Protein chains: 2
Amino acid sequence: MSTLYDQYKTTLQKHADIEHSIAILQWDKEVNAPTKGSDMRARQLATLSGMAHELMTDNAFGDLLQQLDEKSDQLAFAQAKNIKGSLKEYQREKKYSTDFVMRRSRVVSNTYDAWLKAREANDYKLYKEALKQMVELKIEETEVLGYDGHPYNALIEEFEPGAKVADIDKLFTDVRQRLVAFAAQLKEATQVDNAFLKRHFPKSKQWDFGIHLLKNMGYDFEAGRQDISAHPFTTSFGSRDVRVTTRIDEQDFGNMTWSCIHEGGHALYEQGLPATEYGLPSGKYISLGIHESQSRLWENNVGRSLPYWRAHYKDLQKVFPESLGDISINDFYKGINRVEPSLIRTEADEIHYHLHVLIRYEIEKAMLEGKAPLDSLDEYWNAKYKEYLGVDVPDDRRGILQDIHWAHGSIGYFPTYSLGSFYAAQFFQQAKKDIPSLLTHIEAGNNAPLLEWLGEKVFQHGRNYSAQELCERITGEALNFDYFMDYIEEKYRNIYEL
Amino acid sequence: MSTLYDQYKTTLQKHADIEHSIAILQWDKEVNAPTKGSDMRARQLATLSGMAHELMTDNAFGDLLQQLDEKSDQLAFAQAKNIKGSLKEYQREKKYSTDFVMRRSRVVSNTYDAWLKAREANDYKLYKEALKQMVELKIEETEVLGYDGHPYNALIEEFEPGAKVADIDKLFTDVRQRLVAFAAQLKEATQVDNAFLKRHFPKSKQWDFGIHLLKNMGYDFEAGRQDISAHPFTTSFGSRDVRVTTRIDEQDFGNMTWSCIHEGGHALYEQGLPATEYGLPSGKYISLGIHESQSRLWENNVGRSLPYWRAHYKDLQKVFPESLGDISINDFYKGINRVEPSLIRTEADEIHYHLHVLIRYEIEKAMLEGKAPLDSLDEYWNAKYKEYLGVDVPDDRRGILQDIHWAHGSIGYFPTYSLGSFYAAQFFQQAKKDIPSLLTHIEAGNNAPLLEWLGEKVFQHGRNYSAQELCERITGEALNFDYFMDYIEEKYRNIYEL
């Protein structure tokens, strides 16, 4: 058995080597690569994707998995889980032809390039044709994979195993009813001021402060680095090389700061995964919803809390005395939590954020149903923003071109952002129960107890539990929207003095 | 035939995709990667190397090459050349087992890491064991490959096809006799001053000036970029993404400047290779000697010439008025060409440079003969520097740890540096004949005519001609040391007023 298991491990780790190489090529493409190289890079990515696919769908590997799965009672717990997980992945991957995978890789590269150009020109028209190709490909993909009910179920499985359109719809019913009702209450209250966030914050000082925050969270710069990219992201080349990117706007302090903390949260999860389990499910994150629970927990539950800024606000004022010297910590805290409908998802407040997600989710469903008006999707997008958020979208860059996801082929991804916030609220509530002094530590600038708790509860298990199982294990119950709603109500009643 | 040729092309381009991916991972390792990630990166590189090797040594691919070669009269000239070249590569590669290739990749990663650590600690001892492993591996490699005469012949073939120890020995006889004799004459003359090069040159201004020089040479920043690394190098991920690195010493203007021009020369060659021939021999550089002829031609024949600085010196003075304001262009020109035995190869003058190479060449031959005293190779190195250059090596960083090559597994590489200088002199002499106004253009800051000439004579042909054939085609004769000697004598008699 142990020889068979070793064979399995060797193959899977080789597969991980290729997948991580792909991640390096992609990271480089987004952070460094010169424009003219994109065609060549596209074919290099396609070749590696094809090879990864061939390795994963090799019949002999399938037989090996089957054999191991049949004798899984002779395996240790994590080993048996690994085999189950890999078998599922094998079966899913087996549905794709190598041709499809390589074609998909090329379409992704092209769509990304088109998105980049369109974004620069601030013009959806330059993106349209590429996006059409992408949507066509994704519809084809739902057919390749097969599905029950809505074609969306075929795609979300990749990002959030076990999630179904029916569940997501239900969550967004809560968003639409309870969250929107609460937002309406806030609208009646006196608005808090955050104009100071739009004062001048020099680039290099922001950069240094972001690095400082990342270090303080526990991000290990000897096992990662930060760079600038158009859209902030985290990527892993194995848990010893986990990189984050950010962007800096000198006229908007918030842009860099909370993207830094957010990506830092993702990166802590990746750096915390057991290095000994390299390439195996037991060394991987569970789902994007759980991944997002980590970034959201740090970004919002910690990074937009009063205790957190009690630890950092004095330092921050020292870095930007002209812009923040006259702002009290209470006014700062209120300002960074100002609730207001706006245009950009990544800059949205914690409440309206989920309406941004809802819009994308609805468009994605329409795309897969073949009903999205792709020729004028910018207008369609803008109409939804008017309807749900009451805002006028002035241009494509602040509208449909703001997100990279569809350009990457990630359709079915957005709902995991909302799931992440809801998990985060539930987990953080539990962390406060488990560590009664948690907020005191955070207030003292000591995030180690929280990081340790996350390591014990989440990171060390890799993919040994599903998202649903993990939530039960940590909090004793299934995902429950009440935790998020309670967190929001308590926090914002206080800020808005309701 | 055309179907068979297309099959060949597809395989070879897939191979190029993997090789370029490896280059990206390596570039990233040297420019960006965090220290803790090196083990994981090592295994990723090993996996990709193994896959590239398997693809290249596939029996079906060998049969295909054989078939095509037998019918090469039905192929176009460049196609037939490609098949010949690939068949040769196939036969060489076939001698290696996949196990050996992956092992070699891991040894390279380890040795590189050890070199980096040893360099930082300025201590050969930290490198010693890794280097021993490497030398052992390279000896094994000479046996795997087989050779006539000296085992060195097995390895140099990779870098300089067709070159033999006997030829190299002969060239170094010229170096030892004619070049050393001339250096002795210069020693009697009044030394020129270059102390101004060691004044203060702020980092960011040096960086900007280097970028300016690269652009002026014709380096395309939309198809490349420059970064900082411990040892400057050029790498290609396909001719549309060719990157250079440099290093900057604020107390030494020369360090950055001529490494920039040098790497720029390499990069122009790579950017000039025909993109349509991606992955094929007809899209690749000929040999390292020819590659080096390009970097040396720009670095020395152009970049250390009076006409070149007539174009740039005023700009340079404007950038560094405190350090160069009081230095006339003639004194600058003389200073940057000061001849003097020194410690660091990459900073050596054009004459003593070849003694640095000779030392490495002798050590490499001893390594492969199993006669190099690896336990105290630092002392062995230092003794040779004393003997050949008359200098005392004060520490390992300025001694045996200065070069990356052995850490990369590149044993048999160094002689190509000298070959490059000799080719460069012969080519540049021809360029001046072919373009009578060449120096006038360079003096006006216009390098386009030279770049065009190189494109026509060298770049466009890829690997269609061997180094020897190319030299004949361009200059009407074989490599001839006289050109280099004449260039050196004329230039330095003038500078040293002999």
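Colleague: Leaving aside its neighbours within four places in sequence, which residues is A:Glu30 in contact with?
Modeller: In this predicted model, A:Glu30 is in contact with A:Tyr112, A:Ser229, A:Phe233, A:Ile404 and A:His408, once neighbours within four places in sequence are set aside. A:Glu30 itself is found in helix H1 of chain A, which covers residues 2-31.

Colleague: What makes H6(B) and H7(B) roughly perpendicular to each other?
Modeller: Helix H6 (residues 125-145) and helix H7 (residues 152-159), both of chain B, pack at an angle of about 85°, with their axes 8 Å apart. Angles of 65 to 115 degrees count as roughly perpendicular, and these two helices are therefore described in that way. Where they meet, B:Lys138, B:Glu141, B:Thr142 and B:Leu145 come from H6(B), while B:Ala154, B:Leu155 and B:Glu158 come from H7(B).

Colleague: Why is A:Glu497 called exposed?
Modeller: The relative accessibility of A:Glu497 is 61%, and a residue counts as exposed when the value is over 50%, so A:Glu497 belongs in that class. A:Glu497 lies in the segment after helix H21 (481-495) of chain A, and its phi is near 50°, a positive value in a residue other than glycine.

Note on methods:
Residues numbered from 1 in each chain as written. Chains lettered and ligands numbered in written order. Predicted model: local features only at pLDDT ≥ 70, side-chain atom pairs only at ≥ 80, totals over all residues. Heavy atoms only, no water. Helix = DSSP H or I, 4+ residues; strand = E, 2+ residues; numbered from the N terminus. Contact = heavy atoms within 4.5 Å. Axes fitted to C-alpha atoms, helices over the stretch in contact; angles between N-to-C directions. Parallel < 35°, antiparallel > 145°, perpendicular 65-115°, else oblique. Buried < 20%, exposed > 50% of the residue type's maximum accessible area, 1.4 Å probe, protein only.
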